[in-house]
Amino acid sequence: LYNQFIRINDNEIKTGLHEREFIETRRLSIDSAIETSTEKSVNVLNLVEGEQAQIESIDHSFSPFIVHYAETFIIPECIGKYVIRNISSSPTIMVIKAFVR
């Protein structure tokens, strides 16, 4: 059986990979900005809705950078927490986040 969508919080939904899969995927819905965590694993993310987003380190361990629609980006495990900011003209953007459980 595959997992149904499970709401983690107002902005984050765990998507339907099988519970025995070693990779977890989540869909992040972002109106203005959200703080998220690497979950103690490397994160691979893709902007799947909206024109662009800005990725920021909370502790300034990397310079902010912009990703555009359909671009993939990686956040190393050592970063811990980071911010994804909607800088699109769209009211909401969506990002898919994958990491090893």
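**Chat about charges, rings and strands**

Me: Starting with E24: buried or exposed?
Reply: E24 counts as buried, with a relative accessibility of 8%. Keep in mind that this is a predicted model.

Me: Okay, which residues does E24 form salt bridges with?
Reply: One partner is R26, where the closest N and O atoms are 2.7 Å apart. Another is R101, with 3.4 Å between the closest N and O atoms. The E24–R101 pair links distant parts of the chain: E24 belongs to strand β3 (residues 23-30) and R101 to the segment after β10, 77 residues apart.

Me: And those two arginines, buried or partly exposed?
Reply: R26 is buried, as E24 is. R101 is partly exposed, since its relative accessible area is 40%.

Me: Which residues are in the salt-bridge network around there?
Reply: E24, R26, E39, K97 and R101 are linked in a network of salt bridges.

Me: How many salt bridges does the structure have?
Reply: The count is six. One of them is between the side chains of E56 and R85, at 2.8 Å from N to O.

Me: Where do E56 and R85 sit?
Reply: E56 is in strand β6 (residues 52-57) and R85 is in strand β9 (residues 81-86). They are 29 residues apart, and this pair too links distant parts of the chain. E56 is buried at a relative accessible area of 15%, while R85 counts as partly exposed at 32%.

Me: Which other non-glycine residue has a positive phi?
Reply: A70, with phi near 75 degrees. A70 is also in a loop, the one between β7 (65-68) and β8. Its relative accessibility is 47%, so A70 counts as partly exposed.

Me: Switching to rings. How many aromatic pairs are there?
Reply: Two. F62 and F65 make a tilted pair, with centres 5.7 Å apart and 50 degrees between the planes. F65 and F73 have ring centres 6.0 Å apart and planes at 75 degrees, so that pair is edge-to-face.

Me: Why does 75 degrees make the F65–F73 pair edge-to-face?
Reply: Because planes over 60 degrees apart count as edge-to-face, and the planes of F65 and F73 are at 75 degrees.

Me: What do the three rings form together?
Reply: F62, F65 and F73 form one aromatic cluster. F73 is buried at 6% relative accessible area, whereas F65 is partly exposed at 27%.

Me: What about the nonpolar core, which residues touch the most other members?
Reply: I55, I75, I84 and V95, in a largest nonpolar core of 16 residues. Strands β3, β5, β6, β8, β9 and β10 each supply at least two residues of that core.

Me: Take I55. What does I55 touch?
Reply: Leaving out residues up to four places away in sequence, I55 touches F62, S63, P64, F65, V67, F73, I75, Y82, V83 and I84. That list includes F62, F65 and F73, the residues of the aromatic cluster.

Me: Now the fold overall. How many helices and strands?
Reply: Zero helices and ten strands.

Me: Which strands pair with β5?
Reply: Among them are β8 and β10. Strand β5 (residues 43-49) pairs with β8 (residues 72-75) in the antiparallel sense over four bridges, and V44 stands opposite I74 there. With β10 (residues 93-100), β5 is antiparallel too, over five bridges, and N46 stands opposite I96.

Notes: Residues numbered from 1 in each chain as written. Predicted model: local features only at pLDDT ≥ 70, side-chain atom pairs only at ≥ 80, totals over all residues. Heavy atoms only, no water. Phe/Tyr/Trp six-rings, centres within 6.5 Å; stacked < 30°, edge-to-face > 60°. Buried < 20%, exposed > 50% of the residue type's maximum accessible area, 1.4 Å probe, protein only. Pairing = 2+ DSSP bridges. Salt bridge = Lys/Arg side-chain N within 4 Å of Asp/Glu carboxyl O. Core = buried A, V, L, I, M, F, W, Y, C linked by side-chain atoms within 4.5 Å. Contact = heavy atoms within 4.5 Å.
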